[in-house]
Amino acid sequence: VPASVGLADFQDLGHATDTFAADVVAGLAEPRKAIPAKYFYDAIGSRLFDRICALREYYPTRTEMKLLETHRGEMAKLIGDDAALVEFGGGSLAKVRVLLDAMPRLKSFVAIDISRDHLLDAATTLAEDYPRLQVAGVCADFTRPVALPAVARRRRRVGFFPGSTIGNFEPEAAADFLRTVAGDLGRGGGLLIGVDLVKDTEVLERAYNDADGITAAFNLNLLTRINRELCGSFEPRYFRHHACWNADESRIEMHLVSRRRQRVHVAGRVFLFDEGETIHTENSYKYTVDGFHALAEDAGFRPVRTWTDARQLFSVHYLEV
Ligand code: AVJ
């Protein structure tokens with residue numbers, strides 16, 4: 001490996017663990033127990049999520065990837081070679097490679113992710129595979145304003161936010177988040193964002209109840225993580241995965257349902273569960289194209305171009321600040 005290969009910059013803003021205990025304890029103390037979905041992604045959770053993305057039933061990843069491959073020429077022109085591309089919640093960084101392959105002259109790329117080791121691995125491998133690109137990593141909770149590294153501050157900035165991760169936010173929080181991103185990017189910047197679309201209930205529910213039980217394992221891993229990191233006493237076998245479409249709220253909900261009456265210790269506290277009581281672990285909001293445009297405009301973006309597949313399963317949008 002030549003000496004020039006490696007990361008141009010890596011910063012850990014320390015957001016990763018400082019609130020996990022407080023958020024879990026507060027969430028379990030609510031009358032309707034809930035834990036923020038961002039805590040799924042420890043090392044095991046990140047690996048399980050990569051397996052979800054490869055599932056037959058889970059259409060979003062495959063469909064978005066196809067949209068990126070089909071339209072990358074047009075996307076590359078909108079992004080522009082002069083830009084610093086900034087990915088929010090990069091995960092395995094598989095999708096951005098499609099764009100990078102279409103932009104051989106792009107100079108800099110920044111990946112922001114909460115999962116430190118996953119990010120460090122993925123960014124280092126990316127830097128090896130694209131030796132002419134300056135690659136930087138920032139370990140941070142991207143829902144907070146992020147101080148971007150120098151390589152990105154010097155340039156026009158275009159965000160990349162694939163995977164419909166925006167769907168994890170309540171609509172008001174999504175607008176707040178987009179406003180924060182608009183601030184990170186600045187005037188003249190852009191955002192390429194993937195957004196899952198409202199569709200047939202069966203297709204939606206199948207995507208979150210796969211036959212192999214990978215999504216169930218992903219959901220239940222949260223309990224294992226709490227046991228390990230927060231001195232928890234959860235018995236994962238006394239909970240089951242549940243996912244369903246909530247049409248009124250336009251979202252898929254994931255829950256962990258207590259199979260029995262039980263008490264659980266977490267971080268020195270005790271929590272009681274009735275049989276059938278749930279921990280609400282995720283919302284995955286789905287939008288119409290018009291609904292998403294309204295949200296983006298409300299947050300200070302101008303929709304410039306939208307791509308969808310023939311079945312209208314998924315959408316990718318280019319927005320300008
Ligand atoms: C990463 C939030 C887009 O909501 O589809 C996949 C997470 N949860 N299967 C989604 C997820 C269960 C995923 N997002």
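**An open mixed sheet and the helices packed on it**

In this predicted model, an open sheet is built from 8 strands in the order S1-S4-S3-S2-S5-S6-S13-S12, and their pairing is mixed. Its edges are formed by strand S1 (9-12) and strand S12 (302-308), each of which pairs on one side only, while the twist from one strand to the next averages 15 degrees.

Within this sheet, strand S6 (residues 190-196) and strand S13 (residues 314-320) run antiparallel to each other and are joined over 7 bridges; Gly 190, for instance, has Glu 320 of S13 as its bridge partner.

Helix H3 (residues 59-79) lies across strand S2 (83-88), strand S5 (156-161), S6, S12 and S13, and makes an angle of about 30 degrees with S13. Helix H7 (residues 171-185) also packs on the sheet, where it touches S2, S5 and S6, its direction making about 145 degrees with that of S5.

Helix H10 (residues 289-298) has Phe 292, Leu 295 and Ala 296 as its buried residues, and these lie on the same side of H10 because they cover an arc of only 95 degrees around the axis. An α-helix has 3.6 residues a turn, so residues three or four places apart point the same way. The buried residues of H10 pack against H7, S6, S12 and S13, and the helix is followed by Gly 300, whose phi is positive, near 95 degrees.

Turning to the ligand, the residues that surround it include Ile 52, Pro 60, Gly 163, Ser 164, Thr 165, Tyr 208 and Glu 282. The shell as a whole divides into 3 nonpolar, 7 polar and 1 charged residues.

Terms used
Residues numbered from 1 in each chain as written. Predicted model: local features only at pLDDT ≥ 70, side-chain atom pairs only at ≥ 80, totals over all residues. Pairing = 2+ DSSP bridges. Helix = DSSP H or I, 4+ residues; strand = E, 2+ residues; numbered from the N terminus. Axes fitted to C-alpha atoms, helices over the stretch in contact; angles between N-to-C directions. Contact = placed C-beta atoms within 7 Å. Near = placed C-beta within 6 Å. Nonpolar A, V, L, I, M, F, W, Y, C, P; charged D, E, K, R; others polar. Buried ≥ 20, exposed ≤ 12 C-beta atoms within 10 Å, placed from the backbone. Arc of directions from axis to C-beta.
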